[in-house]
Amino acid sequence: MNLPKPEFFIRQSTLPNIGKHGIAKLRSSTLAIAGVGGVGSSAAYYLARSGIGTIRLIDQDIVEPSNLQRIQSATRQDLYRPKAEVLSRRLTEFDSSATFDAIVDTITSRNAEELLKGVDLVLDGLDNFRTRYVLNKFSISRQVPYLFAGAVGSQAHIALLNPPRTPCLECIMPHVIDRINDSCETLGVSPTITGLTGSIAAETAIRTLLAEPTRLATQLMTIDMAGPDVLFSQLLKRDGCPACQIDSDSMTYDLSSITLLCGEHTANILPPANTHLDLHSLSARIPAETVLQESESVLVYQRGQNMISIFQNGRILVSGVSGELEATNLGRQLWEEVIKGRDQLARASS
Ligand SMILES: [Zn+2]
């Protein structure tokens, strides 16, 4: 086992519920954080400092100016770089003997099994229920604990869902549709609530990995910083829940290839099939003054009122769209540009 210097964790191993045995257990654990914005990056920050051996950081997004207010460890130098890569680099600087895998991708029903394979727990740092329901179904089918955590405005909700022993997400929050009026873009979000939510989620994850009991396995915790108030509501299974009370292997997931993200002004466009783009060649066909960021994994540029991020696997993120129709039309247009670029590259190399 690869451990940093013994004094690194001495204050933590002194805690009676941890000890050297607990540190060793955490060091051998693998955990996935889905979404590393305000909540997910805060959780990652504390989990890394608690000695978790492997953390998979999964996020589809890049760092934008409005994110710097709450993403732990991101600076202005990180603008327009993938959030997962920024966080992975910072955590590795902190502890180079642990593994912090950056996965710059959208979690869908198609890739959830692959991205989450072998994890001991999935921690939710997401801003949408569409993807949360995918995590919930993975948790049910693989019996992996799913730590639900969400923060918006000055409020947060946290619960540890571990079906069939506990209810699932669709038992307690069925049919939630992501709407602009409920998003952080409309309601705002304070860095104090995302930090607190990430901290409580990290502590709950650690106690779960150490097989310690937690109140959050039976109750949903709601925090309102305005009071501050803390409320607990009993988690109850829902009779006939279609997610956890039918054969999970027979379920199918149905996600469209274009989805609107938090605030509904950013669209995420998934490729129809796995692909591999040469971003450097694509960049050469774009006016240099419009390019905001170029790396091996992402090319970011300004196209009129839209900021376009093209990822190596063909996924495209477009900000500045007014709704689903515009996103769909622009998506088709961008796909043609990208595919046309690929054809040109193929012709050039033949
Ligand atoms: Zn359920």
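1. The model is a predicted one, in which local features need pLDDT of at least 70 and side-chain atom pairs count only at pLDDT 80 or more, while totals for chains, interfaces and linings use all residues. Residues are numbered from 1 along each chain as its sequence is written.

2. An open sheet of eight strands runs in the order β3-β2-β1-β4-β5-β6-β7-β8, and its pairing is mixed. Helices (H or I, at least four residues) and strands (E, at least two) are DSSP runs numbered from the N terminus, and two strands pair if DSSP finds at least two bridges between them. At the edges lie β3 (99–103) and β8 (229–234), each of which pairs on one side only. Neighbouring strands of this sheet are turned by 15 degrees against each other on average, direction ignored; for such angles, axes are lines fitted to C-alpha atoms (for helices over the stretch in contact), and values run from 0 to 180 degrees between N-to-C directions.

3. Within this eight-stranded sheet, strand β1 (residues 30–34) and strand β4 (residues 121–124) run parallel and are joined by four bridges. The bridge partner of L31 in β4 is L121.

4. Helix α6 (residues 129–142) lies across β1, β4, β5 (146–152) and β6 (155–161), and runs at about 165 degrees to β4.

5. Helix α4 also meets helix α3 (residues 38–49): their axes come within 10 Å and cross at roughly 20 degrees. That makes α3 roughly parallel to α4, since angles under 35 degrees count as roughly parallel, over 145 as roughly antiparallel, 65 to 115 as roughly perpendicular and the rest as oblique. The contact is made by S41, A44 and A48 of α3 together with L87, L91 and F94 of α4, where two residues are in contact if their C-beta atoms, placed from the backbone, lie within 7 Å.

6. An open sheet of six strands has the order β9-β10-β14-β13-β12-β11, with antiparallel pairing. Its edge strands are β9 (258–260) and β11 (291–294), each pairing on one side only, and the twist from one strand to the next averages 15 degrees. Strand β9 pairs with strand β10 (residues 266–269) in the antiparallel sense over three bridges, and L260 stands opposite A267 in β10.

7. Some backbone details call for a check by eye. Most residues other than glycine have a negative phi, and most peptide bonds are trans. The peptide bond from P163 to P164 is cis, with omega near 10 degrees, and P164 is found in the loop between β6 and α7 (169–172). A cis peptide bond also joins G227 and P228, with omega about -5 degrees; P228 lies in the loop between β7 (219–224) and β8.

8. Y80, in the loop between β2 and α4, has a positive phi of about 70 degrees although it is not a glycine. With 19 C-beta neighbours inside 10 Å, Y80 counts as partly exposed; a residue is buried if 20 or more other C-beta atoms lie within 10 Å of its own, exposed if 12 or fewer, and partly exposed in between, with C-beta atoms placed from the backbone. Q143, in the loop between α6 and β5, has a positive phi of about 55 degrees and is not a glycine either, and with 12 C-beta neighbours inside 10 Å Q143 counts as exposed.
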